[in-house]
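Here is a short briefing for a reader new to this structure. It covers a helix contact and some aromatic rings.

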Amino acid sequence: MDAQTASRRDRLSLGPDVLFCYGTLQFDAVLGALLGRIPARRPASAPGWRAAALEGRVYPGLVVSVPGGAAGGVLLTDLNREEWKILDAFEDTRYELRGVLLSTGERGWAYVWPGGEVQPENWDPAEFESLHLPVYAARCSRLAPRLAAGLPKDE
């Protein structure tokens, strides 16, 4: 077992239940490509966090925001264990899986960016959708079989 596999296994041993998605996993095309279905979800936001643009990447990182800020997104509420494994393998091992307090008062799990390459502006989901979504979703379709088989996402 390599270090990345061990790290992912450790993250999932925390017993995550609901996933707060603030970036590319908000899009049906991405979820469908990775999981083969669109999980149940509802709108959510995470006060005290923001979905930051990252240098050289088309996806964001969840980072602490200025007071009064909040990251908008969706809460995936019915992921099964295999889907958690797929999404966890999809997320870069640089992300940390952490519990975050949501505006509803409940806690959700989110992949938090630990720092570095963070831009001052927030990630723009409309820009991602118009400029990058089709190519990104196609890449996710290519990755999905590897992720479902427990293999690293390297193409």
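**Helix contact and aromatic pairs**

Tyr136 is buried, at a relative accessible area of 10% (buried means under 20% relative accessible area, with a 1.4 Å probe and protein chains only). This is a predicted model, in which local features need pLDDT of at least 70, side-chain atom pairs count only at pLDDT 80 or more, and totals for chains, interfaces and linings use all residues. Residues are numbered from 1 along each chain as its sequence is written, and side-chain values use heavy atoms, leaving out hydrogens and water.

Aromatic rings

- Phe90 also counts as buried, at 3% relative accessibility.
- The whole structure holds six aromatic pairs (ring centres within 6.5 Å; planes under 30 degrees apart are stacked, over 60 edge-to-face and the rest tilted, with the six-membered ring used for Trp).
- The ring centres of Phe90 and Tyr136 are 6.4 Å apart and their planes lie at 85°, so this pair is edge-to-face.
- Phe90 is in helix H3 and Tyr136 in helix H5, so the pair ties together parts 46 residues apart in sequence (helices are DSSP runs of H or I with at least four residues, numbered from the N terminus).
- One aromatic cluster is formed by Phe27, Phe90, Trp123, Phe128 and Tyr136.

Helices H3 and H5

- The crossing of H3 and H5 is right-handed (the near helix is turned clockwise from the far one by less than a right angle).
- H3 contributes Ile86, Ala89 and Phe90 to the contact, and H5 contributes Tyr136, Cys140, Leu143, Leu147 and Ala148 (contact means heavy atoms within 4.5 Å).

Glu83

- Glu83 lies in helix H3 and is buried, with a relative accessible area of 6%.
- Beyond neighbours within four places in sequence, Glu83 is in contact with Leu35, Arg37 and Asp78.

Conventions
Helices (H or I, at least four residues) and strands (E, at least two) are DSSP runs, numbered from the N terminus. Buried means under 20% relative accessible area, exposed over 50%, partly exposed in between (1.4 Å probe, protein chains only).
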